[in-house]
Amino acid sequence: MAYAAVISLKQTIEHLLYSPHVVNPVPQILQSLYEDVSSLQELLKELDSSSNTIREKVNANLDGQIRDSVYEFEDILDTHASNEKLEQEIDSFTETVKKMKKAYIEELHTEEDDDEDDGVSQRIDFSGGSESKMVGFSAQFDRVKAVLLKQDLSVTVSLNGMAGIGKTTLAKKILQDPLILSHFDRCVFVTLGPKYRFKRIAENILSQINSESDEVLVEGDDSDDEAEYDSADDMKILVVLDDVWESKIWGELVAEFPDDIHQCRFLVTTRLRQVGESYSPFLALEMPFLNKEESWELLRHKVFDEMPCPPLLEKVGKKIAENCEGLPLAIVIVGDILSESEKTVEYWNKVANREVSVFVDAYDQMFDTLYPSYEYLPQHLKSCFLYMGVFPEKYEIPLSRFTKLWDAEGFSDQDQNRRSEYIAHECLHDLLSRNLIRVQKESSYKGIKSYGQIHSSYWYLCNKVAPMKRFFHGLNSIADSLAEGIESQRRLCIRNNVLFGIKDAYDSMGSVSSARSLLCTGPYHQYPVPICFGLMLLRVLDALSIRFYEFPLEVLKLIQLRYLSLTCDGDISNSMSELRNLRWLIVDIHQRIKSPGAPSYLPMDIWHMQELEHLQITGTDLPNPCEGSLLPKLSTLLDVSARSCTKRVLERIPNLKKLGIRIELTSDNVDDQPLSCFDHISHLDKLRSLKCVVVNPGIMFDIVGPPFPLSIFPSNLAKLTLSGLGNPWEEITSISSLPYLKVLKLRCYAFRGTKWEVYDNGFPWLENLLIEDADLAQWSVGSGSFPKLKSLTMKHCYKLRELPVEFAKSLRKIDLIECNPLVLTCAKKIKEDGNLFDFSVRYSSWDEGNIKSCGPTWFSKR
């Protein structure tokens with residue numbers, strides 16, 4: 001974690017150098033220090049291009065020392081007193097940096113140890129007597145087998161997936177298949193791992209090619225290191241490269257066997273998708289997680305072998321299997337533990353409810369298998385991955401929240417000429433390609449909106465590694481709050497808010513004076529508790545899950561805060577500008593009911609918060625600014641009413657990119673034209689996302705004629721969400737001509753009427769369309785319209801019976817939720833006529849019979 005610590009220190013130095021709110025005590029010395037720290041960062045980057053063996057040694061010997069030295073000095077900078085003392089500390093740290101760089105360079109250039117363990121010594125017996133049970137993956141097995149048997153030329157197949165998902169098991173099953181054995185003259189199996197030696201790999205391949213045994217020798221057995229190579233010109237050879245971590249092995253093989261390599265067929269297993277793709281595979285398969293039925297079948301087999309499961313244990317057994325989240329390795333280990341434990345309903349219920357340590361024990365056993373996935377990550381990804389463990393187990397992590405926190409924590413290198421949110425987005429994509437996280441929902445705008453929880457086994461790994469690295473410490477019990485080493489942690493993650501009300505726990509948390517983040521990620525707690533506001537170096541205070549009756553004035557002392565989120569019913573303090581470093585301000589309200597016609601405004605002081613980038617305060621509006629007031633960095637303004645969208649306000653937010661408006665109508669204010677706010681947004685030429693929601697649309701529906709002209713939307717809009725406006729469909733014409741609109745979401749009768757006719761060439765760039773709660777019955781599409789539409793989602797559209805068949809030209813995904821069963825026929829037609837690859841239907845039991853009668857199993861019920 002040294003790299004993340006250095007990035008954070010760089011940002012701290014930048015703040016002292018360039019912030020207008022800080023009196024720079026020693027500018028020249030600080031500038032020199034900044035350059036030294038930057039050079040240390042560049043040196044740390046070199047580790048990513050070193051061998052995994054060197055990386056492991058450096059991480060073991062130097063990473064922690066550098067991290068601790070950097071943390072200690074950063075604490076001094078954040079609490080600096082006199083200039084004289086600070087100059088002495090800087091001089092001392094500069095000398096420390098020089099020593100660290102020297103030691104680091106020496107480690108990087110250390111000769112690698114040739115005696116390193118190169119793999120697992122084992123033999124694969126093809127007689128069939130030692131076959132292991134493989135559940136699921138039958139489709140993958142058949143596809144791989146077919147490719148290997150039918151292709152005449154050299155071909156490569158890659159199996160990619162998370163550690164423990166069954167890649168090696170499937171590869172071994174392929175090698176044990178009778179048709180494979182009869183088709184190939186030699187089957188070679190070598191396990192590489194992250195620290196392989198190519199010389200030993202090559203020797204092992206030769207020994208297996210020349211072997212006359214019925215067994216395959218797995219790399220690591222040295223019984224025939226000096227085997228001479230016989231020409232493979234006339235031999236059919238299948239080579240399995242198991243657990244590959246680096247792409248360069250392919251080039252090394254080509255160099256070693258330039259002629260004969262092309263006579264072989266390769267089956268590659270890897271955790272890293274980019275490694276599998278680097279082999280230009282004829283077939284690349286992403287190994288899926290087991291479904292519920294397959295998980296239970298594997299667990300039952302591990303516990304009872306060929307014996308049936310007692311009926312009383314079957315229901316709770318299926319729940320235990322489901323808790324393994326489809327990972328075969330977890331299921332096998334949990335099964336092994338259960339096979340040695342009491343087989344009673346009472347005990348198994350405790351296992352299913354995690355009242356006993358079976359899953360923790362299983363994850364402990366898996367740790368050595370999973371840890372390399374973290375250990376050999378590039379430097380910049382380690383903090384990103386560990387931070388996934390901050391959120392609750394099995395939590396669906398929204399990209400927007402993650403990137404804000406990630407940026408506020410200081411993980412993003414500000415030297416790059418890109419917004420930090422894009423850097424974070426790339427990091428998450430990298431973790432995805434390494435099979436460390438799973439996508440739960442795809443965004444309609446930026447590729448990924450939210451990620452499903454990381455697998456619980458990886459969540460456990462994050463929470464075990466993070467305290468050792470002083471990265472974060474999770475607290476769920478009093479014992480956690482009293483754990484050894486808590487005082488040195490950089491972040492506290494509170495998963496049980498009641499701990500704040502227990503004196504011993506509160507005192508322990510309050511003693512972590514170097515903490516930079518206090519993250520309250522537990523369930524919502526509706527009663528106030530005494531948060532540790534004495535942690536003066538906090539940059540992040542995420543406390544939405546804790547209720548305050550009034551805005552806590554103690555928070556104004558936390559002048560280092562960059563990110564603040566909390567829940568309170570009272571007015572925001574008039575002295576908010578004291579938080580001069582604050583960039584994200586999110587305030588929710590506990591009491592949702594308020595008196596109609598009683599506007600609530602933020603204090604005028606809000607206009608002095610020049611660093612604000614994100615402002616989201618439910619039920620509260622921006623006041624009219626004074627002359628000269630400006631929020632130059634504010635790019636996101638959410639949950640404000642029409643009162644905040646005056647010309648005077650919006651003109652003073654020149655870089656606004658995302659705007660969310662909540663309109664609460666009453667019978668008294670309809671005549672006040674609350675929708676006149678749209679008269680003032682056309683000049684927002686940087687606005688990319690607009691959301692307008694009428695909270696109580698019933699009143700809107702009583703208005704005669706269109707409530708507002710739609711032609712005033714900024715032309716640069718890429719995403720538009722409308723809800724409850726009640727416009728006739730004819731009024732959507734002007735929206736259809738927006739040149740850059742990619743996402744359109746229409747909810748709760750955003751448009752009303754039974755007929756929607758889209759004219760020619762409408763929606764030229766639209767990629768994603770959602771229509772929810774509409775009385776639409778007829779939908780026609782003109783020539784050239786929706787040419788780029790990829791995703792269509794229809795929810796609660798009971799009157800619509802047909803979809804435009806023109807969608808077949810571009811659609812990739814249709815999602816129908818609680819819609820008229822007759823629309824399925826059109827969806828089937830679109831699937832058959834186009835190249836649609838993802839189609840799903842969700843429906844209620846009210847007409848299940850009709851839906852089932854619509855056709856065969858070409859759609860999936862979920």
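User: Let's start with β15. Which of its residues are buried on one side and which on the other?
Analyst: This is a predicted model, and in it both faces of β15 are covered. Tyr563, Ser565 and Thr567 are buried on one side, and Leu564, Leu566 and Cys568 are buried on the other.

User: And how many of the residues of that strand are buried?
Analyst: Six of the six residues in β15, which spans 563-568, are buried, so the strand is largely enclosed by the rest of the structure.

User: What does β14 do next to β15, and how many bridges join them?
Analyst: β14, residues 540-548, runs parallel to β15, and six bridges join the two. To find one of these spots, look for valine 540, whose bridge partner in β15 is tyrosine 563.

User: How many bridges are there between β15 and β16?
Analyst: Five bridges, again in the parallel sense, pair β15 with β16, residues 584-588. Here serine 565 stands opposite isoleucine 586 in β16.

User: Okay, switching to helices. Which residues of α25 are buried?
Analyst: In α25, residues 823-833, the buried ones are Val823, Leu824, Cys826, Ala827 and Ile830. Viewed down the helix axis, the buried residues of α25 fall within an arc of 160 degrees, so they line one face of the helix.

User: What about the other side of α25, which residues are exposed there?
Analyst: Thr825 and Glu832 are exposed on that other side of α25.

User: Zooming out for a second, how many helices and strands does the chain have?
Analyst: The protein chain has 26 helices and 31 strands. Of its 862 residues, 54% are buried. The accessible surface of the chain comes to about 37,300 Å², and 48% of that belongs to carbon and sulfur atoms.

User: Now charges. How many salt bridges does the structure hold?
Analyst: It holds 31 salt bridges. One of them is between lysine 98 and glutamate 95, at 3.6 Å from N to O. Those two residues are three apart in helix α4, residues 83-108, so about one helical turn separates them. Glutamate 95 is partly exposed, with a relative accessible area of 42%.

User: Which residue does aspartate 177 form a salt bridge with?
Analyst: Its partner is lysine 145, and the closest N and O atoms are 3.2 Å apart. Aspartate 177 sits in the loop between α6 and α7 while lysine 145 is in helix α5, so the pair ties together parts that are 32 residues apart in sequence.

User: Are those two buried or exposed?
Analyst: Aspartate 177 is buried, with a relative accessible area of 10%. Lysine 145 has 16% relative accessibility, so it counts as buried too, given that buried means under 20%.

User: Where do arginine 747 and glutamate 772 lie?
Analyst: The side chains of arginine 747 and glutamate 772 meet in a salt bridge, 2.9 Å from N to O. Arginine 747 is in strand β23 and glutamate 772 is in strand β26, so this pair links distant parts of the chain, 25 residues apart. Arginine 747 is partly exposed at 26% relative accessibility, whereas glutamate 772 is buried at 14%.

User: Which residues are linked in a salt-bridge network?
Analyst: Glu74, Asp75, Asp78, Arg490, Arg516 and Arg539 are linked in a network of salt bridges.

User: Last topic, the rings. How many aromatic pairs are there?
Analyst: The count is 27 aromatic pairs. One of them, phenylalanine 304 with tryptophan 348, is tilted, at 6.1 Å centre to centre and 40 degrees between the planes. Phenylalanine 304 lies in helix α11 and tryptophan 348 in helix α14, so the pair ties together parts 44 residues apart in sequence. Tryptophan 348 is buried, at 0% relative accessibility.

User: And how are tryptophan 756 and tryptophan 779 arranged, stacked or tilted?
Analyst: Tryptophan 756 and tryptophan 779 are stacked, 5.1 Å centre to centre with 10 degrees between the planes.

Technical notes. Residues numbered from 1 in each chain as written. Predicted model: local features only at pLDDT ≥ 70, side-chain atom pairs only at ≥ 80, totals over all residues. Heavy atoms only, no water. Buried < 20%, exposed > 50% of the residue type's maximum accessible area, 1.4 Å probe, protein only. Helix = DSSP H or I, 4+ residues; strand = E, 2+ residues; numbered from the N terminus. Arc of directions from axis to C-beta. Pairing = 2+ DSSP bridges. Salt bridge = Lys/Arg side-chain N within 4 Å of Asp/Glu carboxyl O. Areas by Shrake-Rupley, 256 points an atom, 1.4 Å probe, with all protein chains shown as cover. Phe/Tyr/Trp six-rings, centres within 6.5 Å; stacked < 30°, edge-to-face > 60°.
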